[in-house]
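Trainee: I would like to go through this structure term by term. Please hold each label against its cut-off.

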Amino acid sequence: MLSKFLTLALAASVVSAQTYTDCDPTKRTDCPARKAVGSKPVDIDFRQGKHKFFKEADGTKLSYDKDLGAVFSIANEKQAPTVGSNAYIFFGQVDVTLRAARGAGIVTSFVLQSDDLDEIDWEWLGGDNAQVQHNYFSKGCTETYDRGGFSPVADPIGTFHTYTIKWTSEQLDWIIDGNVVRTLKNTGIEGCAGYPQSPMQIKLGTWVAGRKDAPQGTIEWAGGLANFADGPFDGYYQSLRIVDYMGGQKEATEYKYGDKSGTWQSIKVIGGDGVVSSSSSVTSKATTKTATSATTLQTVSSSTTLGASNTTSSTDATTTPTGTTEEATETDTEIAIPTGAAGKIAISNMVAMGAAAVLGYLVL
């Protein structure tokens, strides 16, 4: 049963990948520079109401609760409330405290995405109150499907937890309540398994995967068709903290691609005084190399389900990874998704699932 679930989940993970950008700097030279979050951290408490840091997507209407925060509500399958940040981070840390929306077929998301479609994800299924999913994409590539993972978490639908993405040029950590649950190392590999490395916007939203017009694999992954007679289905985003590492520079007001490579070293950091700095001046151990194997990752095992705790993980996130996704070690609580039949199912569903991806995340 577990292997069947993983296969369905992996097939449906195509909908997590963003397939649209209004200007891809790896294909065009006229893309605009993007506003940087910069050196001052952004702290947002949605219990106090709307915040100017986020822009609502077309059709999005949010309400705000003094205890629960921003309410992302879905009452029918055409709704997908989504917000996107008005500034980008170039490496950094984002902490989001949220409660996922309940309901089979409903998905809650916290996503970082770049203009050239690098992406880092957290996703919660409304019919799964025991775990959270995490994934990443490089340059919008969905030709392979071996990068998704799962981590246990106690009652993500009924309890607020803080989910963190900590992202540097060398390492990416997914963290729950202070505990590192997955680490991805930048090995310099290119292609689908490449490391996310270009400036990213922050997106929050809920959407319907259990739609009547969705592929069967997507519906099964989502836990079945959404039953709106039991709605509305509400996701709650309570607070955020955003810290921009600015590509290793001391200040930043804008980020601009220096060429079409999409590498972090090519990004130009425009400072507060208008001075343009190159991120290539920041030393990194990662070297570029082409390979067909996946980017090295480490999944952190645990004998118990994570609860609301700020304790430090007993596993050092900087230790040497135990293997690639093809040979990652499975434990009773943390699973790295393998390749194989699941990839074939994903490919067969990819065209049909494209529409779900667009509906799932409205273009900002």
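Mentor: Start with a contact: the side chains of S109 and E123 make a polar contact at 3.3 Å. The model is predicted, so local features need pLDDT of at least 70, side-chain atom pairs count only at pLDDT 80 or more, and totals for chains, interfaces and linings use all residues. Residues are numbered from 1 along each chain as its sequence is written, and side-chain values use heavy atoms, with hydrogens and water left out.

Trainee: What makes the S109 and E123 pair a polar contact?

Mentor: A polar contact is a pair of N or O atoms within 3.5 Å; within protein, one must be able to donate a hydrogen and the other to accept it, and residues adjacent in sequence count only if both atoms are side-chain atoms. The S109 and E123 side chains come to 3.3 Å, so the pair is within the 3.5 Å limit.

Trainee: Why is S109 called buried?

Mentor: Buried means under 20% relative accessible area, exposed over 50%, partly exposed in between (1.4 Å probe, protein chains only). S109 has 0%, so it is buried.

Trainee: Which residues does the "active site" annotation cover?

Mentor: The unreviewed UniProt entry gives E119 and E123. UniProt positions are in the numbering used here, feature names are shortened, and annotations may be inferred rather than shown by experiment.

Trainee: Are E119 and E123 buried or exposed?

Mentor: E119 is at 1%, so it is buried. E123 is at 4%, so it is buried too.

Trainee: Where is E119 in the secondary structure?

Mentor: E119 lies in strand β9, residues 119-125. E123 is in strand β9 as well. S109 is in strand β8, residues 106-114. Helices (H or I, at least four residues) and strands (E, at least two) are DSSP runs, numbered from the N terminus.

Trainee: Why is β1 called an edge strand?

Mentor: Its sheet is open, in the antiparallel order β1-β17-β18-β19. β1 (34-35) and β19 (276-278) each have a single partner strand, so one side of each is left without a neighbour in the sheet.

Trainee: How do you know that β17 and β18 pair?

Mentor: Two strands pair if DSSP finds at least two bridges between them. β17 (residues 254-257) and β18 (residues 267-270) have four, in the antiparallel sense. Y255 stands opposite V269 in β18.
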